[in-house]
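Here's a quick briefing on how some pieces of this protein chain pack together. Have a look at the model, then work through the points below.

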Amino acid sequence: MNNLQSKFKNVLVAVAPIVFFVLILNQTITPVPSKQIIQFVIGASAITVGLSFLLHGVDLAFIPLGNNMGITLLTSNKLWFVIIVAIIIGFFITFAEPSVQVLSIQISSITGGLMRTGLIRSLIAIGAGVMLSLGMVRIVKGFSMRVLMSAVLLIAFILAYFTPSNMLAIDFDVIGAATGMVTVPFILSLTLGVSAMKKDSKAAKEDSFGLVGITAFGAAFGILIMTLFIRVEDVNGFIDVLHHSEGSLLTPFFIEMPSVAIDSLFTLLPIILMLLVFQKFKFHLEKKTFYKIFTGFIYAYMGLFLFFVGVNAGFMNMGHIVGYGIAILGNRLLIISVGFILGLLIVLTEPAVYVFTRQIENITNGYIRRKTVLLFLAISVAFSVGLSMLRIVIPGIMLWHYLLPGYMAVAVLMFITPKFFVGIGFDSGAVAAGPMTATFVLAFTQGISESVEYSNILADSFGVIAMVTMMPIIALQILGFIYDIKLKRKESRDK
């Protein structure tokens, strides 16, 4: 129970800045009807409780399951077993990721149903599963992370070259959405389970990071391939910004509950079945441990239910309204500034960031402080959102104008930063873009794009998650470069 209370406090601290941000804007430059403000606060409250339950369930169920899976894979001594099981794990864990569900719903809605939610989630999950298996093979066989990620980036840009321009932003947004509050803790625990079985401590340390980033790019491959075959040239996208809601105050919440309850159950059911199969044939956990994991899935179910009711009924629409209201004022500098501030706030609201930064501090024995990593992440994400606003309000700036030089810088930095930070860099990009980014920030960006007359909502509003994914990779690799210089200077003085 103490763990649940701790989760609630952490999530409350994380969600509160977004709520206060909206309330301040409501009292100053973007007034919103009181009914929708109340619905937003109710939705934020449901998200807070839901995320607390979900993260508690992740601690009880997903992390122990990931650790046991990692140990089982490494001790199997059968490469085919590692590949097949990793694909299955990657598929079901990514399919269950809330950020993937949110992004899929938004893509389907804006494309007028041309891209179905179930198809999008399935392709993202297949790509993630395939790349997770490749990442596991890399750890088992010990080949270079730099070589693997260089190949991944090359394939990504080859596929992007043939992708319709108005779909490019969606394709790269998937990289960030595929890794959030469920996938990050699970994959990190899976990696730690594998690394803990390795005798070489240096190799184990380097292998502790990178798998999240590899999996995230795999998720994007699924959508990149799909957009090569689905004709979307004439789809410009449209979003209905609801400034006035019908029915009573709680009507939107009651409408969402039945479908969310069923979806949440079917999301977790495959993972529970996977636990039962491995418990029968591989794990053989004690009853107390097994029941504790199963209890975790109950918490996870309640968390998913409350999270999606809150997001769909009151939280996400407020992002649309606030973005639309700010853009109507016609002040470009204001739009960019608000985006920058939102970026600063949003990285502190992502629960996966806390898991990730804590692990970095632990792995480096406190030499790299959480606060330092958070500072680099916050600044990079602030510029990510600010530059995304700039792309909407100034015609002619396209997403690839950012991504091409950005990932070229990533490729160069990979070969001058310590190996350890290559994995950290790619993981940081994945964890920085989670449920808050996929819900509020993306909705905020869509609202702005819908209000700007010359903006194409499909091409311009999507892409913010891609930016939030890319910039931290650069920032953390720069941190690694600085860390390496300081370490060499220290070693030189000690001599």
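H7 and H10 cross in a right-handed way. Keep in mind that this is a predicted model.

**H7 and H10**
- Helix H7 covers residues 168–177 and helix H10 covers residues 211–226; their axes come within 7 Å and cross at roughly 155°.
- Angles over 145 degrees count as roughly antiparallel, so H7 is roughly antiparallel to H10.
- On the H7 side, the residues that meet H10 are Ile170, Asp171, Val174 and Ile175.
- H10 brings Ala216, Phe217, Ala219, Ala220, Ile223 and Leu224 to the contact.
- Sorted by type, the contact has nine nonpolar residues, one charged and no polar ones.

**H6 and H16**
- Helix H6 (residues 145–161) packs with helix H16 (residues 399–414) at an angle of about 165°, and their axes are 10 Å apart.
- That angle makes H6 roughly antiparallel to H16.
- This crossing is left-handed.

**The nonpolar core**
- The largest nonpolar core has 162 residues, and Phe62, Met69 and Tyr407 touch the most other members.
- Helix H12 (residues 287–328) gives the most to this core, with 18 residues.
- Leaving aside neighbours within four places in sequence, Met69 is in contact with Val85, Ile89, Phe186, Leu190, Met274, Phe278 and Phe283.

Key:
Residues are numbered from 1 along each chain as its sequence is written. This is a predicted model: local features need pLDDT of at least 70, side-chain atom pairs count only at pLDDT 80 or more; totals for chains, interfaces and linings use all residues. Side-chain values use heavy atoms; hydrogens and water are left out. A nonpolar core is a set of buried Ala, Val, Leu, Ile, Met, Phe, Trp, Tyr and Cys residues joined through side-chain atoms within 4.5 Å. Buried means under 20% relative accessible area, exposed over 50%, partly exposed in between (1.4 Å probe, protein chains only). Helices (H or I, at least four residues) and strands (E, at least two) are DSSP runs, numbered from the N terminus. Contact means heavy atoms within 4.5 Å. Axes are lines fitted to C-alpha atoms, for helices over the stretch in contact, and angles run from 0 to 180 degrees between N-to-C directions. Angles under 35 degrees count as roughly parallel, over 145 as roughly antiparallel, 65 to 115 as roughly perpendicular and the rest as oblique. A crossing is left-handed if the near helix is turned anticlockwise from the far one by less than a right angle, and right-handed if clockwise. Ala, Val, Leu, Ile, Met, Phe, Trp, Tyr, Cys and Pro count as nonpolar, Asp, Glu, Lys and Arg as charged, and the others, Gly among them, as polar.
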